[in-house]
Amino acid sequence: MSFRDHFSAVASHYAAARPEYPDALFEALAEAAPRGARVWEPGCGSGQATLGLAARFAHVHATDPSAQQIARHWARQGAGNVTLAVEPGERTALADGAVGLVAVAQALHWFDLDAFFAECARVLAPGGVLAAWGYADFVAPPGLEDAVAAFRADIEPDWPPERALVDAHYAGFAWPFAALPAPTLEMSADWPLERLLGYLSSMSAVARHRERTGCGAVAAHADALAAAWGDPHTTRTIRWPLFLHLRRKSG
């Protein structure tokens, strides 16, 4: 099965720059999933979500089709209840009914949905839960709206079409299981300017923009962002509204 690799080129930025998911997200998963559940986390990237999952569940099988992402996963240094594998989201070596939770963080839009949902039906035990969440663009801090808008306009043509699925919060997907209530959530981080610029550099559209134009979008807008930010060491709150889908396989 083909794999559209948008992230290996920015794997180092991605591992260092992505924000952390809130505890409230993982608490919601722990309440929805069966007690003592084992977890499959396809599209794990470098492990932003694996940490919260491993702290609350018996075992996490974290997979990603990008060997570069797996190589940068924090569990490569050793974690007793985390295993890693280079596997596509549509296929895993897990046995039938092996897990009580499938958890997909900011990755479902890259999968072949029919194949992935069929694999969820196979690996989830009866009563198990499919959880998929994501976040679109961040909310620009006050005073940075114009500078951020100019940066976004520059890279807009370079987003892959799957980005629209995130912006739509996965609306209209043919989910295979019945819906469960999901809380309203938000991710936030207090960052200095350098951390924000690192986050912008981790966007797949930035890498595609450089390939298309030969220019670095972050560098091109760094001065305008810095002028709007003020003291670069001052921290500002960056916010990302989260969306979460919870679906339970029939028992």
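Modeller: Arginine 163 and aspartate 167 both belong to helix 7, where they stand 4 residues apart, about one turn of the helix; helices here are DSSP runs of H or I with at least four residues, strands are runs of E with at least two, and both are numbered from the N terminus. This is a predicted model, in which local features need pLDDT of at least 70 and side-chain atom pairs count only at pLDDT 80 or more, while totals for chains, interfaces and linings use all residues. Residues are numbered from 1 along each chain as its sequence is written, and side-chain values use heavy atoms, with hydrogens and water left out.

The side chains of arginine 163 and aspartate 167 meet in a salt bridge, 3.7 Å from N to O, the term meaning a side-chain nitrogen of Lys or Arg within 4 Å of a carboxyl oxygen of Asp or Glu. Arginine 163 is buried, with a relative accessible area of 15%, whereas aspartate 167 is partly exposed at 46%; buried means under 20% relative accessible area, exposed over 50%, and partly exposed in between, using a 1.4 Å probe and protein chains only.

Leucine 165 is also in helix 7, which covers residues 163-167, and with a relative accessible area of 32% leucine 165 is partly exposed. If neighbours within four places in sequence are left aside, leucine 165 is in contact with His109, Tyr170 and Phe173, contact meaning heavy atoms within 4.5 Å.

In the loop between helix 6 and helix 7 lies aspartate 158, which is buried at 3% relative accessible area. The side chain of aspartate 158 forms a salt bridge with that of arginine 212, at 2.6 Å from N to O; because arginine 212 lies in helix 9 (residues 204-213), this pair ties together parts that are 54 residues apart in sequence.

Beyond this part, a search of the whole structure finds 8 salt bridges. One of them joins arginine 56 to glutamate 27, with the closest N and O atoms 2.9 Å apart. That pair links distant parts of the chain, 29 residues apart, since arginine 56 is in the loop between helix 3 (50-54) and strand 2 (59-64) and glutamate 27 in helix 2 (residues 23-32). Both partners are partly exposed, arginine 56 at 26% relative accessibility and glutamate 27 at 38%, and together with Asp23 they are linked in a network of salt bridges.
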